[in-house]
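Here is a short note for a colleague who is opening this structure for the first time. Please keep the view at hand while reading.

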Amino acid sequence: MSIELHIERLVIDEAALGGEHAAGVRAAVERELARRLGQPGVVDALRGLGAVDTLPPATLPPASRPHDRLGPRIATAVQRGLGITPAARVAGKEQ
């Protein structure tokens, strides 16, 4: 099964980049989403969602450590927007 996720536009305030380069953030978001969407149980969670045109705006989770990178945090926000939480993954038989 393949999953197609298209992010048409991602707006990041320059101040939020914190010295990171936009291209690096983009690559990190793609890499992290590919990893997260490939986890067991995610496909089942996405089947319940079906095809959607838009997701509600998501809040960027705060950094838990001073050097937390932006890409994984954005991936977390997208994951939550898709309704895939760690609890949902557990319910989807992951661990």
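Predicted model: local features only at pLDDT ≥ 70, side-chain atom pairs only at ≥ 80, totals over all residues.

1. Next, the charged pairs. Side chains of opposite charge can pair when their charged atoms come close. Here the count comes to six salt bridges. Three of these pairs are described in the next points.

2. Look at Arg26 and Glu30. They form a salt bridge, with the closest N and O atoms 3.1 Å apart. Both residues belong to helix α2, residues 22-37. They sit four residues apart, about one turn of the helix. Arg26 has a relative accessible area of 59%, over the 50% cut-off, so Arg26 is exposed. Glu30 is at 46%, between the 20% and 50% cut-offs, so Glu30 counts as partly exposed.

3. Stay in α2 for Arg36 and Glu32. Their closest N and O atoms are 2.9 Å apart, and the pair forms a salt bridge. Again the spacing is four residues, about one turn of the helix. Are these two buried or exposed? Arg36 is buried, and Glu32 is buried as well.

4. Move on to helix α3, residues 42-49. Asp44 and Arg47 are three residues apart there, so about one helical turn separates them. Their side chains meet in a salt bridge, 3.0 Å from N to O. Asp44 is partly exposed, with a relative accessible area of 46%. Arg47 is exposed, at 54%. Elsewhere, salt bridges that share partners join Glu32, Arg35 and Arg36 into one network.

5. Now check helix α4, residues 70-81. How far apart are its end C-alpha atoms? They are 17 Å apart. Twelve residues at 1.5 Å each should span 16 Å, so the two values agree.

6. How much of α4 is covered? Nine of its twelve residues are buried, so the helix is mostly covered. The buried residues include Leu70, Ile74 and Val78. Arg73, Thr76 and Gln79 are also among them. After α4 comes Gly83, whose phi is positive, near 80°.

7. Finish at the surface. Leu5, Ile7 and Leu10 form a nonpolar patch there. Together they have about 240 Å² of accessible area. Leu10 is found in the segment before α1, which covers residues 14-17. Its relative accessible area is 47%, so Leu10 is partly exposed.

Technical notes. Residues numbered from 1 in each chain as written. Heavy atoms only, no water. Patch = residues over 30% accessible without salt bridge, like charges linked within 9 Å, V, L, I, M, F, W, Y side chains within 5 Å. Areas by Shrake-Rupley, 256 points an atom, 1.4 Å probe, with all protein chains shown as cover. Salt bridge = Lys/Arg side-chain N within 4 Å of Asp/Glu carboxyl O. Helix = DSSP H or I, 4+ residues; strand = E, 2+ residues; numbered from the N terminus. Buried < 20%, exposed > 50% of the residue type's maximum accessible area, 1.4 Å probe, protein only. Expected span 1.5 Å × (residues − 1).
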